[in-house]
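Good morning. I have one structure to go through today, and I will take it from the overall fold down to single residues. Please have a look at it first.

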Amino acid sequence: MRNSLLLGCVLRPARAKDIWAIRKLVLSAKLDPTQIRWSQFWVIECEGRIVACGQLRCFPGAQELGSLVVAPAWRDQGLGSYLVKYLIQQATQPLYLECLGSRLTQFYTRFGFMPVSWTELPRSLKWKFGVSQLATKILPIIPVTIMRYQGLNDWEGDR
Ligand SMILES: CC(C)(COP(=O)(O)OP(=O)(O)OC[C@H]1O[C@@H](n2cnc3c(N)ncnc32)[C@H](O)[C@@H]1OP(=O)(O)O)[C@@H](O)C(=O)NCCC(=O)NCCS
């Protein structure tokens with residue numbers, strides 16, 4: 001796993017003026033555009049353009065890593081992994097996420113996230129994640145996985 005950012009790229013907290021770039025990234029990835037508050041986001045800027053974003057949302061006793069998107073032309077170069085690792089470091093509460101499909105579940109497993117059941121969630125997240133869990137029950141073809149950050153052994157973090 002790559003531990004440094006691409007040359008010419010910086011990771012920084014989002015600013016108010018980044019809101020449209022963030023919305024564009026989130027919408028282009030068909031992720032939920034309703035929970036976008038720029039002050040909760042971090043972005044990666046490369047050659048003067050916002051090419052990746054992700055946010056940490058705070059709930060009582062928990063945080064959610066969400067809205068992780070890398071612009072298609074910038075994928076598979078380590079930016080998404082770099083951002084996930086950075087957001088994990090910034091988290092100050094038990095960290096959770098929801099993801100769709102086995103490929104993303106595998107992606108997040110590398111960083112120390114493990115699937116958990118809805119019943120194990122803190123109360124503050126049960127309502128939020130309950131909606132998609134219900135959708136999965138009604139339409140099992142939508143494989144939504146809830147994951148919690150459990151940490152990594154040192155050797156795994158160096159992969
Ligand atoms: C998932 C995503 C953020 C990864 O960003 P990235 O910068 O390409 O990732 P990295 O280069 O750090 O790592 C590459 C890994 O990402 C994973 N990946 C790449 N594209 C992916 C995709 N469309 N869906 C799921 N995982 C993907 C693969 O596991 C890949 O691993 P490999 O090297 O073994 O093939 C990016 O593909 C993306 O923005 N996808 C669309 C939005 C999305 O699904 N976000 C997650 C919401 S929970």
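Predicted model: local features only at pLDDT ≥ 70, side-chain atom pairs only at ≥ 80, totals over all residues.

Residues are numbered from 1 along each chain as its sequence is written.

The protein chain has five helices and seven strands. Here helices (H or I, at least four residues) and strands (E, at least two) are DSSP runs, numbered from the N terminus. Read from the N terminus, the order is β-α-β-β-β-α-β-α-β-α-β-α. The radius of gyration of the chain is 15 Å, close to the 15 Å that the globule rule gives for 159 residues, so the chain is as compact as a globular protein of that length. That radius is taken over C-alpha atoms, and the rule is 2.2 Å times the number of residues to the power 0.38. Along its principal axes the C-alpha trace spans about 45 × 40 × 30 Å.

Of the 159 residues, 25% count as buried. Buried means that 20 or more other C-beta atoms lie within 10 Å of the residue's own; exposed means 12 or fewer, and partly exposed is in between, with C-beta atoms placed from the backbone.

Now helix α1, residues 19-28. Which of its residues are buried? They are I22, L25 and V26. Seen down the axis of α1, they fall within an arc of 95 degrees, so they line one face of the helix. The arc is that of the directions from the helix axis to the C-beta atoms. On the face turned away from the buried side, α1 carries the exposed residues W20 and S28. Just after α1, K30 takes a positive phi of about 60 degrees.

Strand β1, residues 9-13, has five residues and the number buried is zero, so β1 lies largely in the open. Five bridges join β1 to β2, and the two run antiparallel; strands pair if DSSP finds at least two bridges between them. In this pairing, L11 stands opposite I44 in β2.

Last, the ligand. Of the 17 residues around it, A29, V70, R75, G80 and S81 come nearest; a residue is near if its C-beta atom, placed from the backbone, lies within 6 Å. β4 (62-70), α2 (79-90) and α3 (102-109) each supply at least two residues of this shell, and α3 gives the most, with four.
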